[in-house]
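Hello,

Here is the structure I promised to pass on to you. Please open it and keep it beside you while you read my notes below.

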Amino acid sequence: MKEIPKKNHDPRPKSGQRFSYHKSGNIRVLQKPQLPNPNKIITTPKQSAYSSDRPQKNANRASRGSYQYNNSKGNRRPKRESEGTPNKPYIQKNKVSTIPPPDKGVIRIIPLGGVEEIGKNMTAIEIGDDIIVVDAGMQFKTEDTPGIDYIIPNTTYLEERKDKIRAMIVTHGHLDHIGGIPLVMSRIGNPPLYSRNLSILVMRKRQEEFPHLPALNAQVIETNSVIYAGNIRVRFFGVTHTMPDSLGIVIETPYGSIITPGDFKLDQIDGVVSEEEEKEYAFLDKEKVLLLMTDSTNIENEGFSLPEVRVHEGLDKVIRQGTGRIIISAFASSITRLMKIVEIAESLGKKVVLDGRSLKSNMEICEQAGIFKPKKGTIIPVENVDNYPPNKVLIMMTGAQGEEFAALGRAANKTHKKFTIRSGDTIILSSSIVPGNEIAVQHLKDNLSRHGVKIISYRTSEEYIHATGHGNQEDIKWLHRKTHPKFFIPIHGWHSMLVKHKEVAMALGMSIDNIIVPDNGSIIEIIENGNKMILRKEKAASGPMMVDGFSIGDEQDVVIRDRVMLAQDGMFVLIATIDSSTGKLRKSPDIISRGFIYLKENQELLHQVRLIIKKTIEDETRGLHPIDFDTIKTSLGDNISKFLFQKTAKRPLVIPVLLSI
Ligand SMILES: [Zn+2]
Ligand SMILES: [Zn+2]
């Protein structure tokens, strides 16, 4: 593994005294919000032995007809307020908010997503009658949400104030900033959407996947544009990122501006910031900055980020020296790099194949935007690859994260219909491994290795072949110095990263009282004529909105919990036919088991289950007229779950089905 040299050089003169954080002002924490959030239903693993935690008969779960006995893996009993864990948030149907509007002269900031995770970034800024929303990202599913397509930020607060939303401003076209746009925009009244050209093209392309939703009301802006969102004046500046057309935002308030650069890293070499970059940020020398909100993704990495130009040099070398055909896989979102790779290929007289949907689509958008101009004939279809000698083709593929069905994954396991990897090919994995994908990437590399290829990856390469798109600690410090804000809210990152970012700001001289580390939904206000920043005790709804096929939102939690249970212990269905006149079983119950136990080898257990069913039904119907089917179902669920747990130590989803004749 190559160590990226730490560069602690501060490009600013040592006498740069201009930088000092305003020391005045206090944060008054009205009341730290207590978990559980009233907008979440939270499930808690139960510690008690199940026998002492028998669920109530006729609890509301009875009507759903499926059961999971209270246990350490899941719990269907409605929660008491006192029970909570931040780890398993599930949201409840939205309640009408009781949060009052901000007072006159107050600036309200609500990070609605992206501050308890990396992904689904969205922040609302509310001043008087105007709300501006910055970004609406998405997050991919996690282990806790099987089967979910993706997650978007909670829009409840905004939905309830649709008529005040004057603008959605998008910093750049990455999915953690635009992935939620189609669904979020339709939920918040489709306000005007502002961003630069490429980002808007990316959003329009994504919008095509949602033909049932209204078209975006998009307006292209440039770095020198000024817009009015209601009474709020907004300006912009350009930032360096792996995505061209990335935009920083300046929101003017009576007490100074709010600066949020979106994702950025500095265009610098060995800590010396380029002239162009200095120019973009030069306005900050005169700007009175009230609040800085900035990215914490790489706050834990010391030094400056590796400049992308170093990666371009490294790739150029590796491609030049590579033997056989060159196959490169990078993030389809690393647009700048993808364009550079095509340029390198052209300089070596190589034809280029673009294989993979997101890759093709992104490059098409760049061509449309006029920033990607391959020579005529450079790009060839994958099926023509064998028409050229091996050293005259470069194949770009999706799938560096080990995605099974991406182009590279299919090529590696020989299921690619149009492309075969050959011994002697060089494969360059020009990306880091996203945490959680380690095993998948290992499988990919193993599969590739079986083809007798040479693999060059980020970890083992002699050359730089990947760099992050986010600024490291020194890039971030540079921005703090440059903006010299009065108040600071760290955003974009896991909680521990935001806390680290707070520490970095404090080390630069900022008072702890002028920093608030937010949670999703935290309502932060700058009050007293811009002199004090507080955290209100109320919280905006922040539970994740899960998108699952065509459905979205609030009631998915029950579905997800069932999926988790099914995945863990399977299901057990019992079908009993009851004679409604006598209350007796008409025939031996049918039993279906999936993912639980193999029925054929457990005849004795089945026999006992049937006896319990018979006895339960007789007990519950004795003397009753008419028969209460709900009560029977509840008892059957309880008794069978308990019995199965005693016999197998497993807790399948038990589903009793009663037929009456
Ligand atoms: Zn980005
Ligand atoms: Zn981002």
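I'll start with the lining of the largest cavity: by class, it has three nonpolar, six polar and one charged residues. In this classification Ala, Val, Leu, Ile, Met, Phe, Trp, Tyr, Cys and Pro count as nonpolar, Asp, Glu, Lys and Arg as charged, and the others, Gly among them, as polar.

Before going on, a few ground rules. This is a predicted model, where local features need pLDDT of at least 70 and side-chain atom pairs count only at pLDDT 80 or more, while totals for chains, interfaces and linings use all residues. Residues are numbered from 1 along each chain as its sequence is written, chains are lettered from A and ligands numbered from 1 in the order in which they are written, and side-chain values use heavy atoms, with hydrogens and water left out.

**Cavities**

The whole structure holds three cavities of 30 Å³ or more. A cavity here is a set of points, on a 1 Å grid over the protein atoms alone, where a 1.4 Å probe fits but cannot get out; lining residues have an atom within 4 Å of a point. Grid points are joined across faces, edges and corners, and a volume is the space filled by probe spheres set on the points.

For the second largest cavity the volume is about 40 Å³. Among the residues lining the second largest cavity are Asn121, Asp176, Asp263 and His492; by class, that lining has one nonpolar, six polar and four charged residues.

**The zinc site**

Which residues hold the zinc ion (ligand 2)? Its protein donors are Asp176 (OD), His177 (NE2) and Asp263 (OD), at 2.1 to 2.2 Å. Donors are N, O and S atoms within 2.8 Å of the metal (3.2 Å for Na, K and Ca), and water is not among the atoms, so sites may look incomplete. Along the chain, these donors follow the spacing D-H-x85-D. Asp176 sits in helix α2 (residues 175-178) and Asp263 in the loop between β14 (256-260) and β15 (268-269), so the pair links distant parts of the chain, 87 residues apart. Helices (H or I, at least four residues) and strands (E, at least two) are DSSP runs, numbered from the N terminus.

Asp263 also bridges this zinc ion and the zinc ion (ligand 1), which lie 3.5 Å apart. Asp263 is buried, with a relative accessible area of 1%. Buried means under 20% relative accessible area, with a 1.4 Å probe and protein chains only.

**Strands and a helix**

Six strands make an open sheet with mixed pairing, in the order β11-β12-β13-β14-β17-β23. Two strands pair if DSSP finds at least two bridges between them. The edge strands, β11 (226-229) and β23 (487-491), each pair on one side only. Inside the sheet, β13 (residues 247-253) and β14 pair in the antiparallel sense over five bridges, and Ile251 has Ile258 in β14 as its bridge partner.

Strand β3 (residues 107-113) is largely enclosed by the rest of the structure, because seven of its seven residues are buried. Antiparallel to β3 run β4 (residues 122-127), joined by six bridges, and β24 (residues 522-527), joined by three. Ile107 stands opposite Ile526 in β24.

Finally, look at helix α11 (residues 473-483), where 11 of 11 residues are buried. Just after α11, His484 takes a positive phi of about 35 degrees.

Enjoy exploring!

Note on methods. Buried means under 20% relative accessible area, exposed over 50%, partly exposed in between (1.4 Å probe, protein chains only). On a 1 Å grid over the protein atoms alone, a cavity is a set of points where a 1.4 Å probe fits but cannot get out, and a pocket is an open set with protein on both sides within 12 Å along at least five of seven lines; lining residues have an atom within 4 Å of a point.
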